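Here is a short report on how one protein chain is put together. Please keep the structure open while reading.

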Amino acid sequence: MCQCQEAATSVEENFEYEKVESLLQDYLDKKGVMVPILQAIQEEFGYLPRPALEYVAKRLRIPVSKVFGVATFYAQFHLEPRGENIIRLCRGTACHVRGVAKVADKMQEHLGVDVGGTTPDMKFTYEEVACIGACGLAPVMMINDRTFGKLEPDKLKGILEQF
Ligand code: FES
């Protein structure tokens with residue numbers, strides 16, 4: 001067995017299937033429940049672990065590809081663990097005009113991750129989004145539910161240190 005298979009097996013062996021089973025209890029024998037099931041799993045684990053999706057497929061007696069199809073269709077679902085804090089930097093037009101590109105470069109330099117990435121310490125996940133409706137503050141970002149406007153590359157370090 002190659003190392004990657006061993007790693008995959010050990011993750012599955014340690015996986016908390018009983019948690020998924022208990023979440024499923026509210027939905028078994030009902031129709032159109034895939035999205036609520038995935039929402040419940042994501043709320044429990046913070047993302048959608050692969051073994052959980054495989055378990056759902058088995059219990060609902062449907063192909064695993066169908067479960068993954070739903071999980072990847074909706075932007076609300078995440079297949080990888082996410083950081084404790086979610087950074088959403090706006091890449092909309094107003095922010096673009098006000099120089100968000102330089103802010104984005106500096107952010108990636110500080111965090112050491114690309115767009116969509118999570119820092120190795122799991123502290124931050126970095127995302128870029130379209131207009132977040134605060135164009136007057138451009139360039140702007142949100143960290144969790146807090147808004148930071150009139151961003152400049154040199155201000156980022158101080159902001160990130162608040163988390
Ligand atoms: S374009 Fe960035 S907030 Fe509107």
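Axes here are lines fitted to C-alpha atoms, for helices over the stretch in contact, and angles run from 0 to 180 degrees between N-to-C directions. On that basis, the axes of α3 and α4 cross at roughly 145° and come within 11 Å. The model is a predicted one.

**Overall layout**

The protein is split into two parts: domain 1 covers 3-73, and domain 2 covers 85-160. Taken over C-alpha atoms, the centres of domain 1 and domain 2 are 32 Å apart.

**Helix packing**

| Helix pair | Axes come within | Crossing angle, roughly |
|---|---|---|
| α3 and α4 | 11 Å | 145° |
| α4 and α5 | 8 Å | 125° |
| α3 and α5 | 10 Å | 75° |

Take α3 with α4. The crossing of α3 past α4 is right-handed. On the α3 side, the contact uses M34, I37, L38 and I41; on the α4 side, it uses A52, L53, V56 and L60. By class, that contact of α3 with α4 holds 8 nonpolar residues, no polar ones and no charged ones.

Next comes α4 with α5. Helix α4 spans residues 50-60 and helix α5 spans residues 64-73; their axes cross at roughly 125°. That angle makes α4 oblique to α5. The contact of α4 with α5 has 7 nonpolar, no polar and 2 charged residues. Which residues of α4 meet α5? They are R50, L53, E54, V56 and A57, and they face V64, V67, F68 and A71 in α5. The crossing of α4 past α5 is right-handed.

The last pair is α3 with α5. Helix α3 covers residues 34-45, and its axis crosses that of α5 at roughly 75°. Angles of 65 to 115 degrees count as roughly perpendicular, and α3 and α5 are therefore roughly perpendicular to each other. M34, V35 and L38 of α3 make the contact with V67, V70 and A71 of α5. The residues of this contact of α3 with α5 are 6 nonpolar, with no polar and no charged ones.

An open sheet has 4 strands in the order β2-β1-β3-β4, and its pairing is mixed.

Strand β1 (residues 85-90) and strand β3 (residues 141-143) run antiparallel and are joined by 3 bridges. L89 is placed opposite M141 in β3. Helix α7 (residues 100-111) lies across β1, β2 and β3 and runs at about 160° to β2.

F163 sits in the segment after α8 (156-160). F163 and I143 are 20 residues apart along the chain, and their C-alpha atoms are separated by 9.0 Å. Leaving out residues up to four places away in sequence, F163 touches N85, K123, F124, I143, N144, R146 and F148.

**Backbone details in loops**

Where does P139 lie? P139 is in the loop between β2 and β3. The peptide bond from A138 to P139 is cis, with omega near -10°. D29 is placed in the loop between α2 (17-24) and α3. D29 is not a glycine, yet its phi is positive, near 70°.

Definitions and conventions:
Residues are numbered from 1 along each chain as its sequence is written. This is a predicted model: local features need pLDDT of at least 70, side-chain atom pairs count only at pLDDT 80 or more; totals for chains, interfaces and linings use all residues. Side-chain values use heavy atoms; hydrogens and water are left out. Helices (H or I, at least four residues) and strands (E, at least two) are DSSP runs, numbered from the N terminus. Angles under 35 degrees count as roughly parallel, over 145 as roughly antiparallel, 65 to 115 as roughly perpendicular and the rest as oblique. A crossing is left-handed if the near helix is turned anticlockwise from the far one by less than a right angle, and right-handed if clockwise. Contact means heavy atoms within 4.5 Å. Ala, Val, Leu, Ile, Met, Phe, Trp, Tyr, Cys and Pro count as nonpolar, Asp, Glu, Lys and Arg as charged, and the others, Gly among them, as polar. Domain bounds come from an automatic or database domain assignment. Two strands pair if DSSP finds at least two bridges between them.
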